[in-house]
Amino acid sequence: MDESRARELLVKERDEVASLLRGTEQEAETGLETNDDIPRDYGDEALPLTEQANDQAVAEELQGRLDAIDRALARLEAGTYGRSVLSGKPIPGERLEADPAAELTVDEARAQEARNR
């Protein structure tokens, strides 16, 4: 994948992820606000906490993706983009097209995933 295409994909995805992250963080902040005029049953009492925990989990995932994109942009600037951060082997263009922030080859990613199970 050429450098300009990589940068285009990474910047576009970074903007999208950053926007989603801001929205999720705003939802988490306002999630605990309640309206005391609305009748609820006792099961509803935990709902805001559950929603907040879900929002926080989503925010953590989005932040992780944002970090991966930033690392990819840094590799692009350093001239090491498109190579595995583990082995230095080239990452196929098809993989980078599907996931522009990919840090590992498919085989390395599968092996890492298997170890994490």
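What is the volume of the largest pocket? It is about 200 Å³. The model is predicted.

## The largest pocket

The lining of the largest pocket has 13 residues. Closest to the pocket centre are Arg95, Glu103, Leu104, Ala109 and Gln112. Two elements give two or more residues to this lining: α2 (47-78) and α4 (106-116). Of the elements, α4 gives the most, with four residues.

By residue class, the lining holds six charged residues, five nonpolar ones and two polar ones.

## Overall fold

The protein chain has four helices and zero strands. Along the sequence the pattern reads α-α-α-α. Helix α1 spans 3-30, and α2 runs over 47-78. Helix α3 covers 93-98, and α4 covers 106-116.

Take the contacts between residues at least 6 apart in sequence. Of these, 57% join residues at least 24 apart.

## Surface and burial

The chain counts 117 residues, and 27% of them are buried. The accessible surface comes to about 8100 Å². Carbon and sulfur atoms account for 49% of that surface.

## The nonpolar core

Which residues touch the most other members of the largest nonpolar core? They are Leu10, Ile69, Leu76, Tyr81 and Ala101, out of 18 residues in this core. Helices α1 and α2 each supply at least two residues of the core. The largest share comes from α2, with eight residues.

Where does Tyr81 lie? It sits in the loop between α2 and α3. Is Tyr81 buried or exposed? Its relative accessible area is 13%, under the 20% cut-off, so Tyr81 is buried.

Setting aside residues up to four places away in sequence, Tyr81 touches Met1, Ala6, Leu10, Ala72, Arg75, Leu76, Leu96 and Pro100. Two of these partners, Leu10 and Leu76, are listed with Tyr81 among the core residues that touch the most other members. Pro100 is 19 residues from Tyr81 in sequence. The C-alpha atoms of Tyr81 and Pro100 are 9.5 Å apart.

## Leu21 on helix α1

Leu21 is found in α1. Its relative accessible area is 6%, so Leu21 counts as buried under the 20% cut-off.

Which residues does Leu21 contact, leaving aside neighbours within four places in sequence? The partners are Ala59, Leu62, Gln63 and Leu66. Glu61 is 40 residues from Leu21 along the chain. The C-alpha atoms of Leu21 and Glu61 are separated by 9.1 Å.

## Asp70 on helix α2

Asp70 has its place in α2. How does it compare with the burial cut-offs? Its relative accessibility is 29%, between the limits of 20% and 50%, so Asp70 counts as partly exposed.

Asp70 and Val11 are 59 residues apart in sequence. In space, their C-alpha atoms are 9.2 Å apart.

Terms used. Residues numbered from 1 in each chain as written. Predicted model: local features only at pLDDT ≥ 70, side-chain atom pairs only at ≥ 80, totals over all residues. Heavy atoms only, no water. Buried < 20%, exposed > 50% of the residue type's maximum accessible area, 1.4 Å probe, protein only. Contact = heavy atoms within 4.5 Å. Areas by Shrake-Rupley, 256 points an atom, 1.4 Å probe, with all protein chains shown as cover. 1 Å grid on protein atoms, 1.4 Å probe; cavity = no way out; pocket = protein on both sides within 12 Å on 5 of 7 lines; lining within 4 Å. Points joined across faces, edges and corners; volume = space filled by probe spheres on them. Nonpolar A, V, L, I, M, F, W, Y, C, P; charged D, E, K, R; others polar. Core = buried A, V, L, I, M, F, W, Y, C linked by side-chain atoms within 4.5 Å.
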